[in-house]
Amino acid sequence: MSAVASAEPAALDLFVGKMLADIGAAMAGATVMMGDHLGFYRALKEAGPLDAATLARLTNTSPRLVAEWLAAQASSGYVQFDPGSGRFSLSPEQAMVFAEEDSPVYMMGAFGIAASTWRDEPRIAEGYRSGRGLGWHERDNCLFCATERFFRPSYQHNLVQSWLPALDGVVAKLEAGASVADVGCGHGASTLIMARAYPKSRFTGFDYHPASVAAAREQTAREGLSDRVTFEVGAAQQVPARAFDLACCFDCLHDMGDPKGAAASLHGALKPDGTLMVVEPMAHDSLADNLNPVGRVYYAASAMICTPASLNQPGQAGLGAQAGPRRLSEVIREGGFRTVRVAAETPFNMVLEARP
């Protein structure tokens, strides 16, 4: 029997409505990125409410095109429209998402990540056919900056304030002067946040992607922190035994081809009383429990970024971004750690503490 013959009309209407909403969101994503690039959101926040002509003048853009962009934003609920005045504005909530980079819910980086998956889709699909995935280092360059931009607000508002304090005795060590390894550091956002908060400690970031390490070094130099923050090119399995007090993996363990080997390497890099902090996307232990809006975002990212990256590396573990605390804890223990516990959670992340 064909699907047309067996489809239930009311259920079909509901599903088509869902698809219309999703297609609208997919199309709107490009307009969001353009609004960011052209400064539209910043101008609306700083000078709004504005009509199209005024926004165009402030941003040196075309009034007619700006009018159409504003209509698209209003139809998506991304900006406020006042029919009486014909002007547009950002609500405080919209400004936090689109215009305030220090906001805990600033989401512009997520749109850049999504854009990178569209650009790379043909090569990702080929990786599905071959089984070799697609390496992080092979991705569209947009992905690297967008990833830093996406994760930094969460780290900025949680790392020093609640995640590190949730670990047993770690803050006291950092305040006194500790040695810290940040593994899979990318552009170094997490490393530098910790370095600013704990001036007596020393930090070493490791990442196997040379361009990301170069970007991290440049930012460190700009901030004048190069005397106690360094970055090295190297995979997690290559972290030297330097007797670190704290080793960290921020949103990266599940991307690794051999996370067990990475855990073993970090076990060897820590002092006997050291701590491993693993920050991972929020997830439960079963697929059924992850079928929610957060899981939807993370499963899509995992299918297009994380799991292809893992399958491109030796080991091909393919944990995925929704591995869950039980599986992650098993991997960390297999790497030699005696105890693993979930120390903290947010709607988007969980923090695991492991001790040798």
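Helices here are DSSP runs of H or I at least four residues long, numbered from the N terminus. In this predicted model, helix H14 (residues 324-334) is followed by Gly 336, whose phi is positive, near 115 degrees. An α-helix has 3.6 residues a turn, so residues three or four places apart point the same way.

The loops on either side of H14 each hold a residue worth a look. Gln 322 sits in the loop between helix H13 (293-311) and H14. With a relative accessible area of 9%, Gln 322 is buried, because the cut-off for that label is under 20%. A polar atom of the Gln 322 side chain lies 2.9 Å from the backbone oxygen of Met 282. Met 282 is also among the contacts of Gln 322 once neighbours within four places in sequence are set aside; the others are Pro 281, Ala 283, His 284, Asn 290, Gly 295, Tyr 298 and Tyr 299.

Arg 338, by contrast, belongs to the loop between H14 and strand E8 (339-345). Its relative accessibility is 60%, so Arg 338 counts as exposed. Even so, Arg 338 touches Arg 333, Arg 355 and Pro 356, with residues up to four places away in sequence not counted. For Pro 356, the backbone oxygen lies 3.3 Å from a polar atom of the Arg 338 side chain. Pro 293 is another matter: 45 residues from Arg 338 along the chain, its C-alpha atom is separated from that of Arg 338 by 34 Å.

After H4 comes Asn 60, with a positive phi near 55 degrees. On the H3 side, Ala 47 has its place within that helix. Ala 47 counts as partly exposed because its relative accessibility is 38%. In space, 8.8 Å separates the C-alpha atoms of Ala 47 and Ser 89, although the two residues are 42 apart in sequence.

The largest cavity has a volume of about 40 Å³. Its lining is made up of Val 170, Lys 173, Leu 174, Ala 178, Val 180, Asp 245, Leu 246 and Thr 275. By type, that lining divides into five nonpolar residues, one polar and two charged. Helix H9 (170-176) and strand E6 (244-250) each supply at least two of the lining residues, and H9 gives the most, with three.

Ser 201 is buried, with a relative accessible area of 0%. Not counting residues up to four places away in sequence, Ser 201 touches Lys 173, Leu 174, Gly 177, Ala 178 and Arg 228. With Leu 174 there is a polar approach as well: its backbone oxygen lies 2.7 Å from a polar atom of the Ser 201 side chain.

The second largest pocket has a volume of about 190 Å³. Of the 14 residues lining that pocket, Glu 148, Arg 152, His 187, Leu 192 and Gln 219 are the closest to its centre. Three helices each supply at least two residues of the lining: H8 (142-163), H10 (189-197) and H11 (210-223). H11 gives the most to this pocket, with five residues. The pocket lining divides into four nonpolar, four polar and six charged residues.

Technical notes
Residues are numbered from 1 along each chain as its sequence is written. This is a predicted model: local features need pLDDT of at least 70, side-chain atom pairs count only at pLDDT 80 or more; totals for chains, interfaces and linings use all residues. Side-chain values use heavy atoms; hydrogens and water are left out. On a 1 Å grid over the protein atoms alone, a cavity is a set of points where a 1.4 Å probe fits but cannot get out, and a pocket is an open set with protein on both sides within 12 Å along at least five of seven lines; lining residues have an atom within 4 Å of a point. Grid points are joined across faces, edges and corners, and a volume is the space filled by probe spheres set on the points. Ala, Val, Leu, Ile, Met, Phe, Trp, Tyr, Cys and Pro count as nonpolar, Asp, Glu, Lys and Arg as charged, and the others, Gly among them, as polar. Buried means under 20% relative accessible area, exposed over 50%, partly exposed in between (1.4 Å probe, protein chains only). Contact means heavy atoms within 4.5 Å. A polar contact is a pair of N or O atoms within 3.5 Å; within protein, one must be able to donate a hydrogen and the other to accept it, and residues adjacent in sequence count only if both atoms are side-chain atoms.
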